[in-house]
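This report describes one protein chain for a reader who has not seen it before. The sequence and structure come first, and the description follows.

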Amino acid sequence: MDLIKLITITCSCDGQTAQEYLEAEVRHLQELQELNDLREDDLHMACSNLGIEDDYVEYFINRVAMA
């Protein structure tokens, strides 16, 4: 199952809202990275905030690295 679909299920929202939630978490992590304050717990918290499993931490690592 793709990530947006998982978020729509866990957040009981539509795909556009799920995408917005996901992008907000990525922006937050990127901001922490820019401040040199990004910690592993922040990546796990992003998963928790979206109601997805920690298996998706790697997704956030990759997204932050692409910034």
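## Residue E34

E34 is exposed, its relative accessible area being 64%; buried means under 20% relative accessible area, exposed over 50%, and partly exposed in between, with a 1.4 Å probe and protein chains only. E34 belongs to helix 2, which covers residues 15–34. Helices (H or I, at least four residues) and strands (E, at least two) are DSSP runs, numbered from the N terminus. Between the C-alpha atoms of E34 and K5, which are 29 residues apart along the chain, the separation is 29 Å.

## Basis of the model

This is a predicted model, in which local features need pLDDT of at least 70 and side-chain atom pairs count only at pLDDT 80 or more, while totals for chains, interfaces and linings use all residues. Residues are numbered from 1 along each chain as its sequence is written, and side-chain values use heavy atoms, with hydrogens and water left out.

## The chain as a whole

The chain contains 4 helices and 0 strands, giving the pattern α-α-α-α along the sequence. Its radius of gyration is 11 Å, close to the 11 Å from the globule rule for 67 residues, so the chain is as compact as a globular protein of that length. The radius is taken over C-alpha atoms, and the rule is 2.2 Å times the number of residues to the power 0.38. Along the principal axes, the C-alpha atoms fill a box of roughly 35 × 20 × 15 Å.

Of the 67 residues, 31% are buried. Among contacts (heavy atoms within 4.5 Å) with a separation of 6 or more, 45% are between residues 24 or more positions apart.

## Charges and salt bridges

There are 4 positive and 15 negative side chains, and the centres of the two sets are 4 Å apart. Lys and Arg count as positive and Asp and Glu as negative, without His and the chain ends; each charge is placed at NZ of Lys, CZ of Arg, CG of Asp or CD of Glu.

The whole structure has 2 salt bridges, a salt bridge being a side-chain nitrogen of Lys or Arg within 4 Å of a carboxyl oxygen of Asp or Glu. One pairs E23 with R63, with 2.8 Å between the closest N and O atoms. E23 is in helix 2 and R63 in helix 4 (residues 57–65), so this pair ties together parts 40 residues apart in sequence. E23 is partly exposed at 22% relative accessible area, whereas R63 is buried at 18%.

D37 and R39 form a salt bridge with an N to O distance of 2.2 Å. D37 is partly exposed at 32%, and R39 is exposed at 51%.
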